Each structure stands twice: as structure tokens, then as C-alpha cells.
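Here's a quick tour of some packing and pairing details in this model.

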Amino acid sequence: MHNSYSTLQSIRVLIIGNGGREYSIALALQQDKKVKQIFFSPENPAATLFFNAGHFSYSSHDELLAHIQTHKIDFVIIGPEAPLMQGISDFLVHHNILVFGSSYANAKLEGSKAYMKSFIHNLGIPTAKYKEITQGSIEEGYDFIDTLPLPIVLKASGLCGGKGVLILDSKEEAKNKLLLMLEGKLFGDAGKEVVIEEFLDGYELSVFALSNGSDYVVLPACQDHKRLLDDDKGPNTGGMGTYTNLPAKLYNKELETKIKDKILTPTFDALKKMGTPYKGVIFAGIMVVKNEPYLLEYNVRFGDPECEVLMPLLKTSALELMYSYAKGESLESIIFNDICVVCVVMSSSDYVQDSKSSDYPAKISFDNIDPKNITADNGHLVFANTSLKDSILYANSGRSIVAVGKGKSLKEARDNAYTLVGKVDFKGKHYRRDIAYQALQ
């Protein structure tokens, strides 16, 4: 089958976003000889240092378009959710720029948890019992909390970078936090509309599907580790590590079929009927309870750090995959490497803490490892929140570096990831020591 990709000679690609997810996409794109140059907006300093990526910033849609035209960029991949909610995908498509990223209409599935819950409820997609609450309906919120068993889940409806979820062990505390959220004292404006949910007792999966507007394909499932500390303790984060090639006890064909039939297919079919067919990647946060999948939330982009383990799995060109789906085309097959991948996030000591440490930026040192080596069989490093001064890389406050381990088995991949963690150092380096425990215990 001939597709648009087969006629490409060389291509310049812009990646919007500059975190670990975007760095991982760039590493995967580099494996394709058709990629002439990669740009980031804004700059990922490690990408500038290690593979001479171009970069620029913009403050308006028109300024972005001017940069794209100046640098003769052919293809734009949008990493984070915020630019999608700003309508950048629609704007660029209107100006005949090829984009891998959801439309604004579909980005609302992530931009408003209240909208998303209403959308899936109307489709009969299995999800937790919930109620949407604003300041004007706070008494209804208190009453709903009283009907739920503990713990209670509160979700800020707006964008919070994966950190707008509270799981509370007392109804009194849940009511207090609800009030603070609605007043904007927790999560700012994003928390002024709240979704209260029943707690589902199971295990979570991250399931990604690529859609070209007419059909879709599901990628291998991942399992993320959201809590800051070992044993799933501590506050929620953007993700402290993840792994893929899950054992059959956690993910199998039967479960995948249920997720497609009960969740993904109804969603894509409904969006088509609404006149907004989905293009790009969608991320279904799934809770599995007694082998039945429930949809916790939709995100309209690759997860971070899930992207860090999915990209090394691809044997099919990442460029071919994203370019074809952006064009509305399908691939006859997507081939994956027969390996397991585990990643471990290294963050600053003050990550998700209320007070920020003066230790950052902190100089990063590498012990007998080439940080730009991305072809090693045992794994590689991914650089997220870093800064550059006099050609020296520094860890910023937040999630700074991700160690990606590969192996024939999950244990080998995990061990390789932690070996890499041990070869990177910066002041206050924090990481979980139990990534992939559910598969390996």
C-alpha cells in the first residue's frame, strides 16, 4: 500500500512542548533518515546540547506560523494538552500545515473533566459514579460526599498537569478540600469546577489509541506510577515511572477487546457523528475492577512518562506512524520491538511540594555514561526539565531526567533502568524504587 510517507524525501519537524515526552518523540524521529531537522518550541536545552535541535518561542498563533514558514517546517507534533486547548491544531490546519494533535473541539475531553464525564455518561461508557459541582451547588456536593464510601475522589475539572486529583480518607476533609477548590485556593481556576467521584478499587492502566479520523489502532498498554513515594504513598504527581509489555494477569486480549468495545469504539463513533472525527492520539486512563474496565479520564495526547516507554517499543518508524495518521491514512501493520521497557523518573527534592528549594537549578553529573547515547541495548536517558549554562546541564525543580531501561524480560528492563539511575546525580535527586512492582511482585 502506498501512502504519503512513501513519497517523502526529507522533512523538517516541529515538536511543540519541551518535556520528557517531547524529547522521547524526538529520539524516535531521529531513527528515520527522512527527518532532516527537528525543532522544539520552547527549547529543550538537552536536545540543543546533545543533538543540535533547533528551537524558538512564540507568544501568539501568528508568531508561531511565521516561525514555521521561516524554518520551512513541514510537520508539527503537539506534545502537551495546553496548546491543544488553545486551538493551535485547528489554526495550523487552517493554514495548510500538517499537524499530529487533536482539534480544539476534541481537546475538551481533557480540558474539562466535567464535559468528559457528561460525554461518556451519555454514551453509557462504564465509569465511576460522579457529580459535577460548582460554588452554586456546593451543598449538593456535601450531600453526595455523604452517600459515598471512603475514600472520596475530588478532581479539578480544568488542566492541572496531571496533579489535580485528591484521594481523601475522611468525609470532613473531603468537604473542606471541596470548599478550598471551589474558592480557587487549590489548583486555581482549574479547580473552580469539581468532579466528585466514587473510589474504584482496582488497578490502573494507560491505554493509547491512534486515530486518523476514520479508524484507530491501540498501542501496547502501560502502567504508570502516580504517587510520589514507594508503595503508592504520598501526593499525586505527573508520573514517577512506567512500564510496558504487561503480564497477562494485568492485560490480555480479552481485556483489550472489552476496552475497545465498551470505551474506545463508542467514543470515536460518537465524535464522528458530532462532526468532529478524532485525529491524533487519545489516552484512556482505565481502572480495572474484577477484570472489567472503567474509564477514569481521557487525555488527548501521549502520557508523560508513558511516551518514554512507548517510543522505544516502535519498530515501525515513529515518523511514518504519526505522519500517516495526521494525513488521515492507516498503516497495514505497526511493528513493535520484542522487548520490555521500564522508565524511572528522577525529580528534584521539592517536586510537588508547597515550598520550593533554593538548590535548583542543580548541576548534573554522569558516572561513566554518555548521556547522548540513544542506541545502547540496555537503555538511554531522556531529559525533561533541565537548563543549560556554559554547555553544562542543570536539573530544574520538577521532573528532570528519566532513565529508560530495555530488556528481554521486565526484570531485566527494570534492572537496567535502575542501573542508569545510579549513573546520574544531582543535588536532592528523588526517585521511586519500586517501579513495575505490580508485575514483578
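## A helix pair

H8 and H9 come out roughly antiparallel, because angles over 145 degrees get that label. Helix H8 covers residues 138-147 and helix H9 residues 171-182, and they pack at an angle of about 155° with their axes 10 Å apart. Axes here are lines fitted to C-alpha atoms over the stretch in contact, with angles running from 0 to 180 degrees between N-to-C directions. Helices are DSSP runs of H or I with at least four residues, strands are E runs of at least two, and both are numbered from the N terminus.

On the H8 side, the contact (heavy atoms within 4.5 Å) uses Ile138, Gly141, Tyr142, Ile145 and Asp146, while H9 brings Lys171, Ala174, Lys175, Leu178, Leu179 and Leu182.

As for ground rules, this is a predicted model, where local features need pLDDT of at least 70, side-chain atom pairs need 80 or more, and totals for chains, interfaces and linings use all residues. Numbering starts from 1 along each chain as its sequence is written, and side-chain values use heavy atoms, leaving out hydrogens and water.

An open sheet has 3 antiparallel strands in the order E19-E23-E22; strands pair if DSSP finds at least two bridges between them. Strands E19 (362-363) and E22 (386-389) are the edges, each pairing on one side only. E22 is joined to E23 (residues 392-395) by 4 bridges, and Leu388 sits opposite Leu393 in E23.

## Aromatic rings

There are 13 aromatic pairs (Phe, Tyr or Trp rings, with the six-membered ring for Trp, and centres within 6.5 Å) in the structure. Phe366 and Phe383 have ring centres 6.2 Å apart and planes at 80°, so this pair is edge-to-face (over 60 degrees). Phe366 lies in strand E20 (residues 365-366) and Phe383 in strand E21 (residues 379-383), 17 residues apart.

Notes:
Parallel < 35°, antiparallel > 145°, perpendicular 65-115°, else oblique. Phe/Tyr/Trp six-rings, centres within 6.5 Å; stacked < 30°, edge-to-face > 60°.
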